[in-house]
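Hi everyone, thanks for making time for this one. I'd like to walk you through a structure, starting with a loop and ending with a sheet. Please have the view open as we go.

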Amino acid sequence: MKVSIIGAGNVGATTAQRLAELDIADVVMLDVVEGLPQGKALDIAQAAPVMGYDVDVTGTNDYRDIADSDIVIVTAGIARKPGMDRDDLLAINIKIIREVCANIREHAPGSIVMAVTNPLDVTTYAAVKYMQQERGRVFGMSGLLDSSRFATFIAKEIGCSVKDVDAMVLGGHGDSMVPLPEYTTISGIPLPQLLDRKTIDRLVQRTVNAGAEIVGHLKTGSAFYAPSAAVAMMTEAILKDTKRIVPASVYLDGEYGLRDVCLGVPVRIGKGGAEKVIELELTAEQEQALKRSADEVRQGISKI
Ligand code: APR
């Protein structure tokens, strides 16, 4: 198995480390900056004897090295700076996505493509259009990260293990995301039975702002430990064909009453990528929120 990661920055390199530690695939890291992917790859490779993984980790500036990848993960782009909205990134990152996709088409045409670069739903849409692949083989990682953040806050509030929390967040990876308390459970117990509405609303708000909260602390970069964890889990689900059910940004073709837009919805992840969209019954309020989220993503799409 071979996984290529485009962009050897914080998210890309941490993903490479996590995948190496999972010992599931050879990893190639590619970046435009000379020396950066090579240096980081060497460092990760030299941890192998201590950590006990056998996979190869290499760095390159040459797209020929991504040939025969099973999965290509796209993290290339600039990250959010304080005061910068996800949409501010759009113009710069969409150009990068276009260039990256052209190279994937040329050098690893059969691979599954996972977009990570923000603004996520718009870059995913662009990747879907540029790659011209079967639906599901090009998708974006977002909802799993948002769900993981929501679950973290819930576990802290309740004072329980994060392992018992199963959270579900749909919609765009932005201010219009739609956390679903009714579909969030703690060892099978629906969240609204354990926390009151006001507390849930506070946790939902913190989840929506979670990325910005971290940018506010870091000042010169954005989150990468939790994003790379979500990317690694989804990559493992594809390579091992485990059929995990998680939210991810996929091209919608009528599901949830939405068409020609990418948005976070629950999907089944297996060797075919985001193989199947799972449609949930939503309240009128949640449906409205999802539509608003789709409109926001469409605004971004119209700018490209
Ligand atoms: N081709 C390949 N790599 C590129 C290109 C390009 N055209 N343009 C930029 N890069 C590389 C940069 O050189 C840098 O090493 O992408 C890397 C991005 O790394 P960081 O700046 O550390 O950003 P990171 O925190 O990894 O975030 C990457 O993921 O979560 C999203 O919002 C985040 O869009 C951002 C992306």
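Before the first stop, a word on terms: helices here are DSSP runs of H or I with at least four residues, strands are runs of E with at least two, and both are numbered from the N terminus. Please also keep in mind that this is a predicted model.

With that naming in hand, find the loop between α1 and β2, where β2 covers residues 26-30; Asp23 lies in that loop. What is there to notice about phi of Asp23? Phi is near 60°, a positive value in a residue that is not glycine.

Now let's step back into α1 and turn to the ligand. Helix α1 spans residues 10-22, and together with α4, residues 90-107, it makes up the elements that give two or more residues to the shell around the ligand. The largest share of that shell comes from α4, with 3 residues. In total, 21 residues surround the ligand, and the closest are Asn10, Val11, Asp31, Thr75 and Asn118.

Let's look at some of those contacts one by one. For Asn10, a backbone N or O atom lies 2.9 Å from an oxygen atom of the ligand. Val11, which has its place in helix α1, also uses its backbone: a polar backbone atom of Val11 is 2.8 Å from a ligand oxygen. With Asp31 we move to the side chain, where a polar atom lies 2.7 Å from an oxygen atom of the ligand. How much of the ligand's accessible area does the protein cover? On its own the ligand has 730 Å², and the protein covers 86% of that.

Where does the ligand sit? The answer is the largest pocket.

The peptide bond from Asn118 to Pro119 is cis, with omega near -5°. Pro119 itself lies in the loop between β5, residues 112-115, and α5, residues 120-131.

Last stop, further along the chain. The unreviewed UniProt entry places the feature "domain: Lactate/malate dehydrogenase C-terminal" at residues 145-303. Over residues 145-303 the chain is 44% helix and 23% strand, with the end C-alpha atoms 26 Å apart.

An open sheet of 3 strands runs in the order β7-β10-β11, with antiparallel pairing. Its edge strands are β7, residues 165-166, and β11, residues 189-190, each pairing on one side only. Between β7 and β10, residues 185-186, there are 2 bridges, and Asp166 has Thr185 in β10 as its bridge partner.

That's my tour, and I'm happy to take questions.

Key: Residues are numbered from 1 along each chain as its sequence is written. This is a predicted model: local features need pLDDT of at least 70, side-chain atom pairs count only at pLDDT 80 or more; totals for chains, interfaces and linings use all residues. Side-chain values use heavy atoms; hydrogens and water are left out. Two strands pair if DSSP finds at least two bridges between them. UniProt positions are given in the numbering used here, feature names are shortened, and annotations may be inferred rather than shown by experiment. A residue is near a molecule or strand if one of its heavy atoms lies within 4 Å of it. A polar contact is a pair of N or O atoms within 3.5 Å; within protein, one must be able to donate a hydrogen and the other to accept it, and residues adjacent in sequence count only if both atoms are side-chain atoms. Accessible areas come from the Shrake-Rupley method with a 1.4 Å probe; for residues, only the protein chains shown count as cover. On a 1 Å grid over the protein atoms alone, a cavity is a set of points where a 1.4 Å probe fits but cannot get out, and a pocket is an open set with protein on both sides within 12 Å along at least five of seven lines; lining residues have an atom within 4 Å of a point. A molecule sits in a cavity or pocket if more than half of its atoms lie within 2 Å of its grid points.
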